[in-house]
Amino acid sequence: MIGNTTATAQWPAVVTLLNETRGMVIADRVYLARSLWARFRGLMGRARLDDQEGLLIDPCSAIHTLWMRFPIDVLYVGGDHVVRHIDHGLRPWRIGALRTGAAYVVELNAGVAERAGVRVGDRLGWRWPTT
């Protein structure tokens with residue numbers, strides 16, 4: 001589970017995702033999917049994802065892009081918030097590999113991980129919205 005708590009009620013619905021290693025914002029609006037339904041639904045059925053949006057699925061170590069309409073970048077992140085693996089441009093209607101060591105994943109619009117300079121070994125963080 002992300003953070004120091006597993007209580008869903010203590011987390012906001014949206015966070016800003018940071019690359020603490022490189023001191024950069026990866027995405028301003030990352031939605032949290034922590035319930036069984038939200039994790040199952042993921043990005044299915046969405047027409048698009050803006051470059052400043054993402055979805056953090058917790059817990060998760062494998063994903064699929066069934067019923068999706070656009071490619072995504074997937075960050076597989078360990079419980080220590082270190083990126084373990086990155087799938088760049090995973091196309092719709094694919095089943096991703098099981099990534100051992102991943103505690104959660106972050107799904108981003110295709111190309112965002114590269115443009116933001118995210119690399120395996122980077123440590124992620126987040127901040128709560130200011131409003």
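Asp 50 and Arg 48 form a salt bridge (a side-chain nitrogen of Lys or Arg within 4 Å of a carboxyl oxygen of Asp or Glu), with the closest N and O atoms 2.7 Å apart. The model is predicted, so local features need pLDDT of at least 70 and side-chain atom pairs count only at pLDDT 80 or more, whereas totals for chains, interfaces and linings use all residues. Residues are numbered from 1 along each chain as its sequence is written, and side-chain values use heavy atoms, with hydrogens and water left out.

Asp 50 also forms a salt bridge with Arg 29, at 3.7 Å between the closest N and O atoms. Because Asp 50 lies in the loop between helix H1 (36–41) and strand S3 (53–57) and Arg 29 in strand S2 (residues 24–33), this pair ties together parts 21 residues apart in sequence. In terms of relative accessible area (buried, under 20%; exposed, over 50%; partly exposed in between; 1.4 Å probe, protein chains only), Arg 48 is exposed at 54%, while Asp 50 is partly exposed at 25% and Arg 29 is partly exposed at 32%.

Helices (H or I, at least four residues) and strands (E, at least two) are DSSP runs, numbered from the N terminus; two strands pair if DSSP finds at least two bridges between them. An open sheet of 7 strands has the order S5-S4-S6-S3-S2-S1-S7, with mixed pairing. Strands S5 (83–90) and S7 (124–127) stand at the edges, each with a single partner strand, so one side of each lacks a neighbour in the sheet. Strand S1 (residues 14–19) runs antiparallel to S7 and is joined to it by 4 bridges, with Leu 17 opposite Trp 126 in S7.
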